[in-house]
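Have a look around first, then read on.

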Amino acid sequence: MENLIALLIGAPLLGAAVLLCGGRRLDRSGHWLGTLLAAASFVIALALFADMLGKSADDRAMFQRLYTWIPVEGFRADMAFQLDQLSMTFVLLITGVGTLIHIYSIGYMEHDERRRRFFGYLNLFVAAMLLLVLADNYLLLYFGWEGVGLASYLLIGFWQHKPTAATAAKKAFLVNRVGDMGLSIAIMIMFTTFGTFTFGPVLAETGQASEGKLTAIGLMLLLAACGKSAQVPLQSWLGDAMEGPTPVSALIHAATMVTAGVYLIVRSADIFNAAPDAQLVVTVVGAVTLLFGAIVGCAKDDIKKALAGSTMSQIGYMILAAGLGPIGYVFAIMHLVTHGFFKAGLFLGAGSVMHGMNDEVDMRRYGGLRKYMPVTFVTFGLGYLAIIGFPGLSGFFSKDKIIEAAFAKGGTEGWILGSVTLLGAAITAYYMTRVMLMTFFGEKRWQPDENGEPPHPHESPKSMTIPMVLLAVGSVAAGAYFEFAGFVEWLEPVTGFAHGHSPLSAAAVTTATVAVMVIGVGLAYLQYGRKPVPVVAPRGSLLTRAARRDLLQDDFNHAVFVTGGTHLTRSLVYVDHTLVDGVVNGTAAAVGGLSGRLRKLQNGYVRSYAVSMFGGTAVLIAATLLMRAV
Amino acid sequence: MSTSAVAPSVHSLWTTAAGPLEKIPAPHIEYTQLSPVLIVIGAAIVSVLVEAFVPRKGRYHSQVFLSVLALAAAFAAVVGLAAGGYGSTKAHIAAMGAIAVDGPALFLQGTILLASIVAIFTFAERRLDPADHGHKVDSFAAEAAAVPGSEQERAAVKAGFTTTEVFPLALFAIAGMLVFPAANDLLTLFVALEVFSLPLYLLCAVARRKRLMSQEAAVKYFLLGAFSSAFLLFGIALLYGYAGSVSYATIARVVDGSIGSVDPALADTMGNDALLLIGFAMVLMGLLFKVGAVPFHMWTPDVYQGAPTPVTGFMAAATKVAAFGALLRLLYVVLPGLTWDWRPVMWGVAVVTMLGGAIVAITQTDIKRLLAYSSIAHAGFLLAGVIAATPSGISSVLFYLGAYSFVTIGAFAVVTLVRDAGGEATHLSKWAGLGRRSPLVAAVFAVFLLAFAGIPLTSGFSGKFAVFKAAADGGAGALVVVGVIASAIAAFFYIRVIVLMFFSEPKADGPTVAVPSALTSITITAGVVVTLVLGVAPQYFLDLANQASVFVR
C-alpha cells in the first residue's frame with residue numbers, strides 16, 4: 001500500500017504539468033482533467049485510509065522512499081514520504097475539500113478565459129500541500145512549504161490585471177519570506193545539532209540537545225508558522241489575499257495552507273515539549289491572534305475580509321491549543337479539520353453570494369438574500385452555527401475542547417488563556433451573527449454596479465451548490481463524529497495525549513461557552529437585527545476605525561519596516577556611493593593615472609630603453625649582493 | 001737581446017706545432033636524441049638552398065611544404081623520444097655535456113614545435129589582402145632590401161616578388177629556440193640565443209605594410225638585443241671565472257661546495273662569491289630581457305607593434321617558451337644552492353613585471369601594444385611560478401607556457417583579420433562594434449581575451465591557477481596576492497575590449513574582417529580548441545607537465 005503514497009502527490013502534479021504546459025488545446029477540457037486528478041488523489045487517500053484503519057494503532061505509519069534527493073556527503077535528504085495518522089488526517093482534508101473546491105470552481109470560473117491555468121495552479125497547490133504533509137524530513141517539508149507559497153502567490157494574483165490583486169500577491173509573498181527564513185534557520189540549527197533533518201531521528205533525539213537550542217528551533221519554527229498561518233505579527237497578508245478568486249480563499253486561505261503552521265508545530269511536538277519557553281510564546285501568539293482576528297472580523301464590511309479575520313482568529317485557537325502541549329495537540333488538529341469544513345463552506349457561500357450579486361463584496365449592500373438564495377442561505381447558516389459553536393455542531397465540540405484545555409494549562413496562565421478563549425468565543429458569535437444578519441436578513445440594500453446594472457440575485461449552479469451542501473454536512477457532523485468515533489485515540493500514537501486538570505469542570509466550561517455565545521449573538525442581534533443597517537458605514541468609534549484598518553497593522557509595518565528599511569537602504573546606498581564607490585573609483589583613477597605616467601617612460605628612444613636596462617641590471621646586481629650581505 | 005730572448009720561444013712553438021699531433025678524440029654526438037634540433041637545422045639549410053636554386057614561382061609552395069614537414073617531423077621525433085623514456089628514466093646529457101635531453105626540454109621543444117607549426121600557417125597566409133598586380137600577397141614585403149616608397153620597391157611589387165626568406169629565417173630561429181631550453185652549458189646557451197635572435201631581428205623588419213615602423217622595430221630590437229647579449233656574455237665570463245667551467249653541472253657543484261679548485265690558473269678567482277653573484281645577475285638579465293620582464297621589457301611594445309603580425313604572434317609565443325625554459329634550467333640546475341640569493345631578487349622582478357605590465361596596458365590604444373603589455377604581465381605570472389622553487393613550480397610553468405602560446409598565436413592571428421584600407425586596423429577605436437558585424441570573429445577573440453584574463457573554463461584559468469598554487473605552496477603567498485591584484489587590473493582591459501566589440505556602436509568607416517584561407521582558420525581554430533580543452537579538462541596535460549618536471553643534472 002505504501003507505494004501509493006507517491007501517487008497521492010503524483011496525480012495533481014501531473015495535472016499541474018499537463019495543464020500549465022499543455023497550451024490552449026486544453027482550454028475546453030482542462031478543468032475536467034484537473035478535477036479528475038484531484039479526485040483521483042482523494043480516492044487513493046481513501047484507499048490508504050481504509051488500509052490504515054485495518055492496522056493496529058501503533059503500526060499505522062507507512063513510509064515510502066523514492067530516491068536520494070540531495071546526496072552530499074553528510075548532508076543527505078531523501079525524497080521520502082511518511083504517512084501516519086496526522087498526515088492521513090491532512091491528506092483526507094486536502095484532497096477531500098480540494099476536490100470539492102475544484103468542482104465548485106468549474107462553475108465559479110466558468111467565464112474566466114484563463115480557467116485552464118487556474119486549475120493548473122490549483123493542482124499545483126494540492127500537490128505541494130500534500131508534499132508538505134507527507135514529507136519525512138524537514139527539508140522536503142520546506143520544499144512543499146515553498147511550493148504552497150508559490151501556488152498561493154500565483155492564485156492570489158490570478159487576476160493580475162487588477163493592481164490590488166498583484167500587490168496583494170506580492171505582499172503575501174514578501175511577508176511569507178520572513179516566516180520562511182525562520183523555517184530555514186530552524187532547519188539549519190537542526191542540522192548542526194542532530195546532523196540530519198529526518199523527522200524520526202530528530203524527534204527521537206531531542207533529549208540529546210540543550211534546551212536553549214531546542215527553544216531556538218522552536219521559536220524559529222513558530223516564526224515560520226506565523227508567516228504561513230497569518231499569526232501576529234506576520235498576519236498582515238491574509239486580509240489582502242482575499243483579492244484572489246473565492247475558491248482560492250476557501251481552499252488555500254481558510255481550509256488548508258494557512259493551517260500548515262499548526263501542522264508544523266504539532267509535527268514538531270517533541271521539540272516543543274522539551275522547550276517550555278517556546279511553548280509559552282506559541283500560546284501567547286495564539287491568544288493574541290485569536291483576539292486580533294476576531295476584533296478585525298467585527299469591523300469589516302467586506303464579507304471575505306470579515307471571514308479572513310475569522311480565519312485568523314480560529315487559527316489562533318489552533319496555535320494556542322498546539323502551544324498547550326500534549327493536552328492540546330489533538331484538539332488543535334480536530335479544530336483544524338472542523339474549521340476546514342465550515343470555513344470552506346462559509347467562503348464558498350460568500351462566493352455564491354458574490355456570484356449572484358455582480359461580484360459585490362460589501363455586506364452593507366446585501367440584505368434579505370435568504371429568499372433569493374435558499375441553498376446558499378441554509379448551507380451558510382449551518383456553517384455559521386458550526387463556527388459559533390452551536391451545541392451539537394462541529395465547532396461546538398472542537399472549540400469547547402480547546403477552551404477546556406486552556407483552563408487546564410493550570411495556574412494564572414490557565415486562567416488567562418481560558419478567559420481569552422472564552423472572550424474569543426463571544427466575539428466570534430458576535431461577528432458571525434453580524435455577517436449572517438447583514439447578508440441574508442433585513443431589508444434589501446442592493447446597489448447597482450459600476451455599469452449601472454442592478455443586481456439580480458439568483459441561486460448558483462449545481463456545480464457550486466453541491467460542494468456547499470457536502471461541506472455543510474461536514475460542518476454539522478464532523479465534530480460529533482470525531483467526538484464519538486475516537487479522534488483522540490486516532491491521533492494519540494503520533495502526537496501524544498495527556499488529560500489536563502482543569503480547575504473548572506467540563507460541564508462548567510461548556511455552560512460558560514454556550515453562555516458567551518448567546519451573549520455574542522444577542523449583542524449582534526441588538527445592533528444589526530433590530531436596527532436597519534446603514535449602506536454607508538458610520539464613522540464608528542476609535543476602536544472600530546482601527547479595526548477597519550486591520551488594527552493599524554499596515555500602518556505599523558509601514559512606519560517601522562518600510563520607512564525604516566527605506567532609510568536603512570538609503571544610508572547604505574549613500575555609503576556605497578560615497579565610501580565604497582569612492583574607494584573603487586579612486587583606486588581605478590589612481591591606477592589609470594599611474595598607467596598614464598608610466599606610459600610616458602615608453603618614449604620610443606632606444607637610448608632611454610638601454611638606460612632603463614642598464615639601471616635595471618645595476619639594481620639587480622646590487623640587490624643580489626645586498627641579499628648576500630644581510 | 002730582446003729579440004734573441006724571444007726567438008727561441010717562437011721557435012719552440014713552431015717546433016711543438018710541427019711535431020706529431022696528438023690524436024684529437026672525435027666528439028660523441030647522440031644523433032637520435034638530438035634529432036628534433038637536427039631536423040629543423042637541416043630543413044633550414046635546405047630551405048636556404050631552395051631560396052637559391054628553386055625558381056621564384058615555386059618557392060612559396062616548396063618553402064611552406066618544407067617548413068611544415070620539417071616541424072611536423074621534429075615534433076614526431078620529440079614525441080618518439082618522450083615515448084622512448086628520454087623524458088624520464090633515460091634522461092641524460094648529450095653532445096659532450098652541451099645539451100640536456102630530459103622532461104622539461106622535450107616538453108618545451110614539443111610546445112615550441114606545435115606553436116611554430118600554427119605560426120608558420122599564419123606566415124603562409126595569402127588571402128587577407130587582395131592580390132597586388134595579379135600576385136597573391138602575404139604579410140611580408142615584396143623585397144625587404146628595397147627602400148620603402150622607392151622605385152625599386154614598386155618594381156618588386158609589380159614583379160610579384162615575395163620574401164620567402166622568412167621561412168628559412170623562421171626555421172633557424174626555431175632551431176635556436178629548441179636548443180635554448182635544453183642548453184646545458186653557458187656557451188651553448190649563448191650560441192642558441194644568438195641563433196634564434198638574429199633571424200627574429202630580420203623577421204621583424206620585413207612587414208609589407210608600415211615598413212618604416214617595421215624597420216624601426218627591428219633596429220630597436222637588434223640594438224637592445226645586442227646590448228643584453230653583451231651583459232649575458234659578460235656574466236658568462238664572470239661565472240667561468242668563478243667556477244672554472246661553463247658547464248651547468250660543474251658550476252652547480254662549485255656553488256654547493258662539493259668541488260674545490262680545479263684550474264690552478266684560476267686560483268685567484270675561483271670561489272669568489274662576488275663573481276658568482278654579479279655573473280649570475282648579468283646572465284639573469286639576459287634571460288629576463290628575452291622573456292620581457294620589467295625593467296627589461298621596453299623593447300616589447302615597440303617591437304610587437306612594428307613587426308609583421310604573424311611574426312609578432314610567433315615571437316610572443318615561441319620566444320617566451322624558449323626563454324622561460326632556459327631560465328628554469330639556469331635557476332633549478334645551476335643555482336639551486338643559491339636559492340636564498342635569487343629568490344628575493346626574482347620576487348621583486350615578478351612584482352614589478354606583473355603590476356607594470358597590467359597597469360600600463362590600461363591606457364593603450366593599439367591592440368598589438370595592448371597584447372604586448374599583456375605578454376609582459378603574463379611573464380610576471382610565469383615568474384611567480386618560477387619562484388616557487390618546487391617541482392610543481394616547474395610543471396605549472398610548463399603548463400602555463402603551453403596554454404599561453406596557443407592563446408597568443410590565436411589572438412595575433414585574429415588581429416591579422418581585422419583590416420581597413422591601410423592594412424590591419426590595430427587602433428582599438430576601430431574595433432568598436434566588431435561583435436555586431438562579425439560575431440564569430442569577435443566571439444573567438446573574446447575567448448582569447450577571457451583566457452588571457454584567466455576566466456574559468458579557459459586555459460588561462462587553469463594555467464594561472466597552477467602557477468599561483470605552486471607559488472603559494474612554495475611559500476610565496478604574498479606574491480600570489482600581488483598576482484591576483486594584477487590579474488584584476490588586467491581583467492579590466494581585456495574585458496574593456498570585449499565591451500568595445502559587443503556593446504559599442506560600430507563606426508561607419510570601420511574595418512572589415514577578411515575571410516582567411518584554411519591556414520589562418522586552422523591556426524585560430526587550434527587556438528580556440530586548445531584554450532577550451534585546457535580550460536575544461538586540463539588534468540591530462542597537467543599530469544603530462546608533472547611527469548616532465550624533472551631536470552637532468
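What follows is a short tour, from the ground rules to the cores, the surface and the charged pairs.

## Ground rules

This is a predicted model, so to speak of local features takes pLDDT of at least 70, side-chain atom pairs count only at pLDDT 80 or more, and totals for chains, interfaces and linings use all residues. Residues are numbered from 1 along each chain as its sequence is written, chains are lettered from A and ligands numbered from 1 in the order in which they are written, and side-chain values use heavy atoms, leaving out hydrogens and water.

## Chain B at a glance

Chain B has 21 helices and five strands; these are DSSP runs numbered from the N terminus, with helices (H or I) of at least four residues and strands (E) of at least two. Of its 553 residues, 61% are buried. Buried means under 20% relative accessible area, exposed means over 50%, and partly exposed is in between (1.4 Å probe, protein chains only).

The accessible surface of chain B is about 20,300 Å², and carbon and sulfur atoms hold 71% of that. Such areas come from the Shrake-Rupley method with a 1.4 Å probe, and for residues only the protein chains shown count as cover. Look at contacts (heavy atoms within 4.5 Å): among those in chain B between residues at least 6 apart in sequence, 80% join residues at least 24 apart.

## The nonpolar cores

A nonpolar core is a set of buried Ala, Val, Leu, Ile, Met, Phe, Trp, Tyr and Cys residues joined through side-chain atoms within 4.5 Å. The largest one here has 202 residues, and B:Phe180, B:Leu288, B:Leu331 and B:Phe445 touch the most other members. Helix H12 (residues 309–334) of chain B gives the most to this core, with 18 residues. Apart from it lies another core of 190 residues, including A:Ile94, A:Ala169, A:Met257 and A:Val296.

Is B:Met501 buried or exposed? It counts as buried, at 0% relative accessibility. Leaving out residues up to four places away in sequence, B:Met501 touches several others, among them B:Trp431, B:Phe445 and B:Leu449. B:Ala432 is 69 residues from B:Met501 in sequence, yet their C-alpha atoms are 4.9 Å apart.

Over on chain A, a nonpolar surface patch of about 480 Å² is made by A:Tyr574, A:Val575, A:Leu579, A:Val580 and A:Val584. Patches are made of residues with over 30% relative accessible area and no salt bridge, joining like charges within 9 Å and nonpolar side chains (Val, Leu, Ile, Met, Phe, Trp, Tyr) within 5 Å. A:Val575 lies in helix H23 (residues 553–601) of chain A and is partly exposed, with a relative accessible area of 36%.

## Charged pairs

How many salt bridges are there over all chains? A search of the whole structure finds 33, each one a side-chain nitrogen of Lys or Arg within 4 Å of a carboxyl oxygen of Asp or Glu. One joins A:Glu483 and A:Lys401 (3.4 Å, N to O). That pair links distant parts of the chain, with A:Glu483 in helix H19 (residues 462–485) of chain A and A:Lys401 in helix H17 (residues 394–408) of chain A, 82 residues apart.

In chain B, B:Asp420 forms a salt bridge with B:Lys430, with the closest N and O atoms 2.9 Å apart. B:Asp420 is partly exposed at 23% relative accessibility, and B:Lys430 is partly exposed too, at 33%. Salt bridges that share partners also join B:Asp129, B:Arg208, B:Arg209 and B:Arg419 into one network.
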